[in-house]
Amino acid sequence: MEKQLYSESTIKQICFKRNDESTRHSPGHPLLDASNLQRGGGDSGVGKSPTLVCTPLLGTTIPHMLNQMRRAKEIGADLVEIRLDCLRSFNPRPDLETLIKQSPLPSIVSYRPIWEGGQYEGDETKRQDALHLAMELGADYVDIELQVADDFNSSIYGKKPDNFKVIVSSYNFHNTPTSEAIGNLIARIQATGADIVKIVTTALDITDCARIFQITVHSQIPTVGIAMGERGLISRLLSPKFGGYLTYGALEVDAISAPGQITVKNMLELYNFRLIRADTKVYGIIGKPVGHSKSPLLFNAAFKSVGLNAVYVHFLVDDVDKFFTTYSSPDFASGCSCTIPHKEVALKCMDEVDPVAKKIGAVNNIVRKPDGKLIAFNTDYIGAITAIEDGLRGLDGAIPVVGSPLVGKLFVVLGAGGAGKSLAYGAAQKGARVIVANRTFERAKELADKVGGKAMTLREVENFHPEEGMVLANTTSVGMKPNIDQTPIPKHALKHYCLVFDAIYTPKDTRLLCEAKQTGAAIVYGTEMLIRQGFEQYKNFTGLPAPEDLFRQLMEKHA
């Protein structure tokens, strides 16, 4: 069999636009034929998406697995993977007959040995005999490991039912190999007589997913490609865009079978998985960490509400320049939000920078033009400053003023990173007297000098109260989940502030804001900054006005 080899250089030129040939998997899919739909997932969307969603069943007893099957159908899965190695007790013929015949969904049967990441430690002949039996009893697929696939496929030659398929899988729990190595691996899998190729690697960097996308787009037979780990999340979510045969979603958070796997519920509802196609534009948020971000919730709901063919995902990025160099297509990373710690370094990777963002020295919104060039904006300062202004206007006894209520106010910014720069710049532009406090004085002074303010260390803030009625804005990560018991400034110092803003929004009620409220200060939640800057980002991404009511409803519901 001719080997399909892919050079590393082609990774840099990935277009991520599939031609007609790359959609070859779906039409002939046995589970999409009308005769097979009666076992499918009802109204879950089978037949609408080019990639199937499989839920692994990790039950330890037969009744447990049967219950999981029913729940998998209810939540919208297309098929289930019966993990025989998870069963505490297993009697092959009666148990397989029960599981396969009573499954409301098509089934993949696997019996994963410990040497390939599973739990089975017994006799190899008995293990393969169980998979033979699964085929005879009506399983739709079995999943067999590459190491023993030649023997297994030889043993069933001439015995395979018409609609039965063999998935031959290879797992790499250490890294994602080079394109050439993956190409050779695919050739080895194809040579075994596999009906479906399954390559599972480990993503050490989000750019590793590019090699996974490459194999699913170019493979000549149906292919499953997954990069495990949080950095590999997009390999799961974007399978429909790149022709993946199926992907896996957990039944619930505590039933995850591999690192980086998410629930079927999140896949279908949060990321609108059923709506993703080859021509779907990909947006996302770049950060480290990034999983806490609620931006996908807002943007995916907004895209769906207006019928926009786009998806918004979490991008866990270590190296911003490497990310944009690897993913250079206009329909991939078409627009990105940018959060900690990349707001400043991302500026150096841009082709154009909005003048305001350039002056601030940090960006949080990146748009890729049709010619591939990247232009960056800063919408943080708009979102935060307008929220703080409205908070000041709402104070009891506040005197209506023409212009900004920040004029003349002493405005203390904690942190001199990207968000700190945005707040300091925005407050100065509104006429406030800015104080920048940072862990290192040198960084605080550098920012303070740029905005005409003064600098100090975070320790000095505790005893800094030259006047009453100051405004405090925290842009540090102190108090962010999971460290919710921390605060950047002690409670007794908060009594000198009339308003306290915290850029953190996970949790919404940080310790800082709770204690500020107790001292009588007005508070402004980080969610307000998120929502308002999101309005601007949505407009930059799409050219459309943001659905403001929808954003607010979602944030209220998921606070």
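These are my notebook entries on a predicted model.

**Entry: helix α2**

I started with α2, which runs over residues 92-102. Which of its residues are buried? I found Asp 95, Leu 96, Leu 99 and Ile 100. They sit on the same side of α2, because they cover an arc of only 115° around the axis. Next I looked up what they pack against: α1 (62-75), β2 (79-83), β3 (107-110) and α3 (124-136).

**Entry: the largest pocket**

I looked up the volume of the largest pocket and got about 910 Å³. Its lining has 36 residues, and Asn 266, Leu 270, Ser 293, Leu 297 and His 314 are the closest to the centre. Which elements each give the lining at least two residues? I noted α8 (264-270), α9 (295-305), β10 (310-316) and α18 (548-557). Sorted by class, the lining comes to 16 nonpolar, twelve polar and eight charged residues.

Asn 272 has a positive phi, near 50°. I found Asn 272 in the loop between α8 and β9. Is Asn 272 buried or exposed? Its relative accessibility is 8%, and buried means under 20%, so Asn 272 counts as buried.

Ala 333 also has a positive phi, near 55°, and belongs to the loop between α10 (320-326) and β11 (335-338). With a relative accessible area of 1%, Ala 333 is buried.

One joins Lys 288 to Pro 289, with omega at about 5°; Pro 289 is in the loop between β9 (281-287) and α9. Another joins Lys 481 to Pro 482, with omega at about 15°; Pro 482 is in the loop between β18 and β19.

**Entry: helix α16**

Back to helices: α16 covers residues 511-518, and its buried residues include Leu 512, Leu 513, Glu 515 and Ala 516. Why do I put these four on the same side of α16? Because their arc around the axis is only 165°. Among the elements covering them I listed β18 (470-474), β19 (497-502) and β20 (522-524). Just after α16, I saw that Gly 520 has a positive phi of about 100°.

**Entry: what UniProt says**

An unreviewed UniProt entry puts "domain: Quinate/shikimate 5-dehydrogenase/glutamyl-tRNA reductase" at residues 409-477. That span is 39% helix and 29% strand, with its end C-alpha atoms 24 Å apart. UniProt (unreviewed entry) also gives "domain: SDH C-terminal" for residues 526-555. There I got 83% helix and 0% strand, and the end C-alpha atoms are 11 Å apart.

Notes:
Residues are numbered from 1 along each chain as its sequence is written. This is a predicted model: local features need pLDDT of at least 70, side-chain atom pairs count only at pLDDT 80 or more; totals for chains, interfaces and linings use all residues. Side-chain values use heavy atoms; hydrogens and water are left out. UniProt positions are given in the numbering used here, feature names are shortened, and annotations may be inferred rather than shown by experiment. Buried means under 20% relative accessible area, exposed over 50%, partly exposed in between (1.4 Å probe, protein chains only). The arc is that of the directions from the helix axis to the C-beta atoms. Contact means heavy atoms within 4.5 Å. On a 1 Å grid over the protein atoms alone, a cavity is a set of points where a 1.4 Å probe fits but cannot get out, and a pocket is an open set with protein on both sides within 12 Å along at least five of seven lines; lining residues have an atom within 4 Å of a point. Grid points are joined across faces, edges and corners, and a volume is the space filled by probe spheres set on the points. Ala, Val, Leu, Ile, Met, Phe, Trp, Tyr, Cys and Pro count as nonpolar, Asp, Glu, Lys and Arg as charged, and the others, Gly among them, as polar.
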